[in-house]
Amino acid sequence: MVFTISLGALAQQRFDFKVREDMFAGLDGDTAAFDRAMKLIADTLAREPDHAEALVWRGDGRLFLAGQAFERGDIAEGRKLSAEALADMERAVALAPNAIAVRVPRAAGLMAYARGLRRFDRGEADRLTKIAVGDFEFVLQASQPFWSSMAEHGRGEVLGALADGWLMLGETAKAHVFLDRMTSELPGTAYAKNATLRRADPAAPVALTCLGCH
């Protein structure tokens, strides 16, 4: 998820700009790209063990691997990887609690993982979704000073994630707040179109996030 805000000189220093394309490609099935992303993360943490952004992205990668382990029936490996992933994410946020570049990858990773987990363990899926929603609420609040200057994509992803999270938790009234904001603040976009569809039918098979992400 990209937040196009005026950080000019800092943009090249942000870790997510270095890792995200390979990680996204890896999550879409490109094994070589995923391996490159994980190597960059490992090399960074070898130099800087407390690098919060590298930790949270390693958590995302480990959650992805955990999901693969569960799919092939290796429950023990899946549980081990998921525990390691959640520990990475928790430590990352403890190190940099006010960093959007840490909160967003944790939230996005947890939402995706919880979606797949929900049919097996609803309680744990809900717990992780609530953490993700809390992260996105933090991002929304932290973004207020520059919200109007953010690109439609950045605003749509935050609002869409919050709407999606509340829908996953069965909190339709809370989701409607963000669906309505998507239609009013982002007219003519895919975000507004899909929000309208989900407002009419919460179970409609249309996505609210990752619309043009990667």
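## Surface and overall form

Accessible areas come from the Shrake-Rupley method with a 1.4 Å probe; for residues, only the protein chains shown count as cover. The protein chain exposes about 10400 Å². Carbon and sulfur atoms supply 55% of that area.

This is a predicted model: local features need pLDDT of at least 70, side-chain atom pairs count only at pLDDT 80 or more, and totals for chains, interfaces and linings use all residues. Residues are numbered from 1 along each chain as its sequence is written, and side-chain values use heavy atoms, leaving out hydrogens and water.

The protein chain has ten helices and zero strands. Both are DSSP runs numbered from the N terminus: helices are H or I with at least four residues, strands are E with at least two. The C-alpha atoms fill a box of roughly 45 × 45 × 30 Å along the principal axes.

## Buried residues and packing

Buried residues make up 46% of the 214 residues. Buried means under 20% relative accessible area, exposed over 50%, and partly exposed in between (1.4 Å probe, protein chains only).

Helix α10 (residues 190–200) has buried residues Tyr191, Ala192, Asn194, Ala195 and Arg198. The buried residues of α10 pack against α8 (152–168) and α9 (172–185). Contact means heavy atoms within 4.5 Å.

## Two residues

Where is His51? It lies in the loop between α3 (31–47) and α4. His51 counts as buried because its relative accessibility is 17%. Leaving aside neighbours within four places in sequence, His51 is in contact with Phe15, Thr44 and Leu45.

Glu137 sits in helix α7 (residues 122–142). Its relative accessibility is 36%, so Glu137 counts as partly exposed. Not counting residues up to four places away in sequence, Glu137 touches Leu162 and Trp166. Glu137 and Leu162 are 25 residues apart along the chain, yet their C-alpha atoms are separated by 7.3 Å.

## The largest pocket

About 1200 Å³ of space lies in the largest pocket. A pocket is an open set of points on a 1 Å grid over the protein atoms alone, where a 1.4 Å probe fits, with protein on both sides within 12 Å along at least five of seven lines; lining residues have an atom within 4 Å of a point. Grid points are joined across faces, edges and corners, and the volume is the space filled by probe spheres set on the points.

Of the 44 lining residues, the closest to the centre are Ala108, Gly109, Met111, Ala112 and Tyr113. Helix α6 gives the most to this lining, with twelve residues.
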